[in-house]
Amino acid sequence: GKRRVLVTKKLVGDRWLRELENADCRVEVCESREILSNQQIAEAIGNRCDAVIGQLTEKWNDDLFGVLKKAGGVVYSNFAVGFDNIDIAAATKHGIPVGNTPGVLTEATAEMAVCLTYAAARHLLEANKYLVEGKYKSWLPDLFLGQQIYRKKLGVIGTGRIGSAYALSMVRGNLMDIVYYDKFTNKKMEQQLEQFNQYLKEIGEKPIEYKNAASMEQVIQEADIVSLHPNLDSSTYHLMNAERLQLMKPNAILVNCARGPIIDEAALVEHCKQNPGFAAGLDVFEHEPALAPGLKDLPNVVIVPHIASATFWTRSAMATIASLNIASILKGYPCWSSGDMTPFVGEPGGNGEP
Ligand code: GLV
Ligand code: GLV
């Protein structure tokens, strides 16, 4: 008979559904728009389930993979590029390959990081609020003074697909110098920066400077803007802590479109209170959907609810990849997203390829 595929949230577009139906699957979509508990997911899996498309809000741990395995599950597909919500060792133990959705959300996510950078630099939301609340009585020379970005120094931590797309967009758009931190020199990105410098020379502009910093601290100390793009794992948890925040320039801008726990959010709240000229733009939060006490009341923090990949094209492409991951495994091929996804090959950084 048909294979049963559980989809824990309504997805975007319709191609994903056709891909599963073409692979002889019967698809069941959970109606709830709330975060499902593992108990609820286990009930939805029931005693017969071949595959699941799950969400980054769900904790795919040993117990849940055990439930899926017992129900006959042969693949789990995460509707996200990030996979910090998945216990890969547990999936491996149960022999369940895991897929993610790399590639299609690179530009959308980088564009949101750009949005947040400008919004934080120019008090966009604070100024909008001031206007909407009827406080605008006169043009003033010192109303909402912000930071110019043109020709400043960009700092990027993690130059995988998203980090390097953000870096190139900011550097090319604003002729910025860039200092980045990654395990390896990002040769592909540096080639593109070198080509951009050739162009700058041709038009008589001063070239930009770029370097792979010797340490993360160097990026944090030198840059006017620091954007975080690593995967979340034990090595990047609270990467931006109180000590490192102290190293940043007092008027710097910090951007995070990766994962919330990369920043010690309570320390960030304290830092923003102490440094009114400092600004932050955040798409993700440490205890999502909860915010650290005080965060939403800070005038120098721009926050949006984890929507960096939320464009129509990207979300429907993510859905299609999530279903192709399942269709591939069911047909006996490796996971569509990156070959055999157990263990993951989606290393952060490096040359930016999956
Ligand atoms: C979204 O945060 C994702 O990882 O795709
Ligand atoms: C995620 O897609 C990354 O490698 O940046």
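By residue class, the shell around ligand 1 consists of 4 nonpolar residues, 2 polar residues and no charged residues. The model is predicted. The residues that surround ligand 1 are L56, A80, V81, G82, L105 and S309.

Ligand 2 has 9 residues around it, and V81, P102, G160, R161 and I162 come nearest. Helix α7, which covers residues 161-174, gives the largest share of the shell around ligand 2, namely 3 residues. The table sets out the classes for both shells.

| Shell | Nonpolar | Polar | Charged |
|---|---|---|---|
| Ligand 1 | 4 residues | 2 residues | no residues |
| Ligand 2 | 4 residues | 4 residues | 1 residue |

The next topic is the division of the chain. The protein chain is split into domain 1, made of 3-104 + 311-330, and domain 2, made of 106-303. Taken over C-alpha atoms, the centres of domain 1 and domain 2 are 32 Å apart. Domain 1 puts 6 residues into the contact, and domain 2 puts in 7 residues. On the side of domain 1 that touches domain 2, there are 1 nonpolar, 4 polar and 1 charged residues.

A database record also marks a part of the chain. In an unreviewed entry, UniProt places the feature "domain: D-isomer specific 2-hydroxyacid dehydrogenase NAD-binding" at residues 116-308. In the model, the span 116-308 is 35% helix and 15% strand.

Note on methods
Residues are numbered from 1 along each chain as its sequence is written. Chains are lettered from A and ligands numbered from 1 in the order in which they are written. This is a predicted model: local features need pLDDT of at least 70, side-chain atom pairs count only at pLDDT 80 or more; totals for chains, interfaces and linings use all residues. UniProt positions are given in the numbering used here, feature names are shortened, and annotations may be inferred rather than shown by experiment. Helices (H or I, at least four residues) and strands (E, at least two) are DSSP runs, numbered from the N terminus. A residue is near a molecule or strand if its C-beta atom, placed from the backbone, lies within 6 Å of it. Ala, Val, Leu, Ile, Met, Phe, Trp, Tyr, Cys and Pro count as nonpolar, Asp, Glu, Lys and Arg as charged, and the others, Gly among them, as polar. Domain bounds come from an automatic or database domain assignment. Two residues are in contact if their C-beta atoms, placed from the backbone, lie within 7 Å.
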